[in-house]
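Subject: Structure handover and notes

Dear colleague,

I am handing over the structure that we spoke of, and my notes on it follow directly below. Please read them with the model open beside you.

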Amino acid sequence: MKKLLSIFLSLSLFVSVLGICDVSFASQTSDIAPTRLGDTNTYYSYDFASKTLKISGQGRTPDFTNSSGSSSSQPWFFYRDDGSIEHIVVEQGVTYIGSYFFYSTSCTDISLADSIESIGGYAFADSKIKNITLDKNLKYISSYAFYFCDKLTDITIPKSVLSIGTSAFENCTSLSKVTFEAMGAQGSVSQRAFFKCPSLKRVDIPSGFKLSPYSFGYKSASVDGTYDGFTLGVFSGSKAYDYAKGHYIDYVLLNEIEINEGDSALRTYTSDNLTQEMIYKFTPKTATQYTFSSSGDVDVNCVLKDGDGNTLIESDDNSESDLNFTIKYTFEADKVYYFYVTSVNSLGDYTVSLSSERIVGISISWDKTYQAQEIKDVNFSVLEYIKTQTIDFEYASGYVYKMPFNNGATYRGMKITYNNLLNGKVTCGENKDSITVGDKTLDFTITVNHSFDKEVVEPTVSEYGYTVYTCTYCGYTYRGDYVDYLGQDIYGHVYLMSGADGTIDENRALEGVSVYDKDGKYLTKTDKDGYFYVEYAYDCVVLKSDFTLERKIKITKDEAYVGNIGLICGDLTGDGYINAKDYGIFVHLKNYDINDSNNLLLKNLDSNKDGVLTDDDWAFAKEFYTFSKLGEDTYREILQ
């Protein structure tokens with residue numbers, strides 16, 4: 001009782017804490033550039049506008065765990081089920097989807113590349129997918145891969161699949177249709193693979209597939225734990241036939257397999273089905289010659305018939321030295337044909353296969369584009385990349401056999417060789433390489449686009465700003481995004497300020513006034529007309545001259561002309577006042593012949609420019625006798 005009370009109090013406290021602390025995580029609201037997944041050659045990126053999570057690169061993705069905040073959890077862990085991800089795209093080149101990779105995602109639209117060969121444990125478990133296409137190169141579906149995908153309604157198992165792991169589709173409660181693409185395929189379904197799938201009423205099992213305890217039809221792991229009304233379609237003598245009989249599951253016998261070019265089909269003869277015919281249905285898409293043959297230790301013969309039941313050809317190879325048969329026939333397009341195969345009192349396994357004879361084309365589709373950042377930290381190998389690709393052999397029938405590339409292998413007498421023109425390495429730009437199949441050379445290009453680091457160089461008064469772009473992979477660099485220099489060319493005129501109201505006298509230009517930048521650097525002087533011109537001026541310039549009050553001129557962007565500028569002149573003592581002391585000095589200069597001197601001070605004091613210093617030249621200074629001490633605010637007070 002005490003223990004139960006303790007548990008109750010703990011739960012109450014936990015609920016109370018949750019009520020106080022609103023624990024939530026923000027949705028993903030920005031793009032994510034391609035980012036490497038662990039130490040693999042695979043990457044993820046996110047496009048916010050389309051809400052798409054994309055997986056790219058080459059080879060296997062890493063395995064994850066379903067844990068919060070762990071370095072081994074999904075990078076999209078905190079936004080996987082909040083609606084941020086509406087689309088998932090796994091691009092060509094990825095061969096393995098790791099454990100817990102898309103666990104618990106709310107996305108229902110998932111696109112998988114046909115380069116995927118295996119799906120890891122819990123990869124899609126607890127997700128909201130309704131349907132998904134498993135592509136033609138998939139071989140392995142690991143345990144719990146689609147566990148508790150309760151929205152999944154149907155699944156097609158490609159003929160390439162060799163094994164379906166334990167509980168791979170357990171608790172897929174909406175799953176009502178499971179279709180095996182090739183009914184002659186070989187493989188295995190592990191225990192509980194389709195356990196607790198109440199909507200699943202009928203599944204036809206390929207002739208070469210082995211089932212395990214509770215693979216299909218069970219709602220509980222007990223003798224009587226099967227679903228009422230569940231039925232298996234099985235071939236007599238097959239492992240699935242033994243499973244149905246041994247578990248008292250309702251079954252129907254199948255005796256027809258639809259076979260296509262490139263397919264093979266396993267069949268077992270036992271004492272139960274020794275006299276039964278096996279029928280293989282074939283509808284060629286192209287009119288050409290095909291070969292239908294058997295292999296194995298069972299003595300079998302075959303009769304080919306058209307859709308009307310007419311016998312076209314018969315092969316009865318029942319000699320002890322040749323137990324198998326071979327039928328070659330030129331078929332018409334889109335007509336239905338049947339191969340009837342029977343045992344000649346022989347028990348065991350045999351396999352039939354169907355192929356056309358003439359190859360009309362050999363091609364590859366290996367062109368690939370990478371961003372440099374995808375491969376900059378990877379010892380990228382061209383050979384490793386092309387190991388994930390296929391060579392397409394097109395037959396006269398239109399069938400295309402996609403053969404995985406294997407350097408040095410041989411197909412139909414043609415040797416396959418990687419020419420290694422790149423010496424195994426790539427750089428930015430187009431990297432051209434090739435393989436040879438027989439006497440044919442097939443070219444491919446791996447393109448690497450630059451990925452740039454950016455270094456911003458700020459503009460100065462006289463120099464442009466720009467950004468330096470350096471490729472993270474090859475080191476190529478260039479400059480771009482130029483920004484105009486801060487400075488600008490300006491010009492103006494400087495005159496004597498002739499009144500305390502800020503008026504100027506354009507007939508009284510000030511010559512030799514020095515112009516400085518805001519840091520005190522000398523720039524130029526005014527000429528005899530008071531004119532000045534400055535290159536790369538920035539922010540402001542300062543005008544200075546003996547006996548004049550210096551003035552700061554603010555520069556307006558893109559306005560070159562700063563106007564007619566007036567300076568207050570007459571402080572001959574330099575004490576900050578224009579008064580009788582200054583006039584006393586001026587008196588000593590009166591009647592001085594300006595024309596006999598190059599002194600700019602005296603020329604500027606000769607305000608009426610008549611060549612002689614007189615009281616008329618001092619008249620302007622009297623306007624400022626009533627001022628307080630002259631300072632940097634004087635001009636602002638006058639001109640406001």
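In which loop is Ser 167 found? Ser 167 sits in the loop between strand E11 (163-164) and strand E12 (177-180), where helices (H or I, at least four residues) and strands (E, at least two) are DSSP runs numbered from the N terminus.

Before going further, please note that this is a predicted model, in which local features need pLDDT of at least 70 and side-chain atom pairs count only at pLDDT 80 or more, while totals for chains, interfaces and linings use all residues. Residues are numbered from 1 along each chain as its sequence is written, and side-chain values use heavy atoms, with hydrogens and water left out.

**Positive phi values**

Most residues other than glycine have a negative phi. Ser 167, although not a glycine, has a positive phi of about 55°, and Ser 167 is buried, with a relative accessible area of 0% (buried means under 20% relative accessible area, exposed over 50%, and partly exposed in between, with a 1.4 Å probe and protein chains only). Asn 420 is not a glycine either and has a positive phi of about 55°; Asn 420 belongs to the loop between strand E32 (414-418) and strand E33 (429-437), and is partly exposed, with a relative accessible area of 34%.

**Helix H2**

Helix H2 covers residues 239-246, and Ala 240, Tyr 241, Tyr 243 and Ala 244 are buried in it. Why do they lie on the same side of H2? They do so because they cover an arc of only 160° around the axis, the arc being that of the directions from the helix axis to the C-beta atoms. These buried residues pack against strand E15 (208-211), strand E16 (231-235) and strand E17 (250-254), with contact meaning heavy atoms within 4.5 Å. The face of H2 turned away from the buried side carries the exposed residues Lys 239 and Gly 246, and H2 is followed by Tyr 248, whose phi is positive, near 55°.

Asn 604 lies in helix H6 (residues 600-605) and, at 7% relative accessibility, counts as buried. The side chain of Asn 604 reaches the backbone oxygen of Glu 511 at 3.0 Å. Not counting residues up to four places away in sequence, Asn 604 touches Ala 509, Leu 510, Glu 511, Ser 545 and Lys 609.

Ile 85 lies in the loop between strand E4 (59-60) and strand E5 (87-90), and its 2% relative accessibility makes Ile 85 count as buried. The C-alpha atoms of Ile 85 and Ser 106, which are 21 residues apart along the chain, are separated by 7.2 Å. Not counting residues up to four places away in sequence, the residues that Ile 85 touches include Trp 76, Arg 80, Ser 106 and Cys 107.

**Pockets and cavities**

On a 1 Å grid over the protein atoms alone, a cavity is a set of points where a 1.4 Å probe fits but cannot get out, and a pocket is an open set with protein on both sides within 12 Å along at least five of seven lines; lining residues have an atom within 4 Å of a point. Grid points are joined across faces, edges and corners, and a volume is the space filled by probe spheres set on the points.

The largest pocket has a volume of about 1400 Å³. Of the 46 residues that line the largest pocket, Lys 136, Asn 137, Tyr 399, Tyr 401 and Lys 402 are the closest to its centre. E30 gives the most to this lining, with four residues, and the lining of the largest pocket divides into 14 nonpolar, 18 polar and 14 charged residues (Ala, Val, Leu, Ile, Met, Phe, Trp, Tyr, Cys and Pro count as nonpolar, Asp, Glu, Lys and Arg as charged, and the others, Gly among them, as polar).

The second largest pocket has a volume of about 420 Å³ and is lined by 20 residues, of which Lys 159, Asn 260, Glu 261, Asp 263 and Lys 285 lie nearest its centre. Its lining divides into eight nonpolar, four polar and eight charged residues.

A search of the whole structure finds three cavities of 30 Å³ or more. The largest cavity has a volume of about 40 Å³, and its lining has six nonpolar, no polar and one charged residues.

With best regards

Note on methods
Polar contact = N/O pair within 3.5 Å; in protein donor to acceptor, adjacent residues only side chain to side chain.
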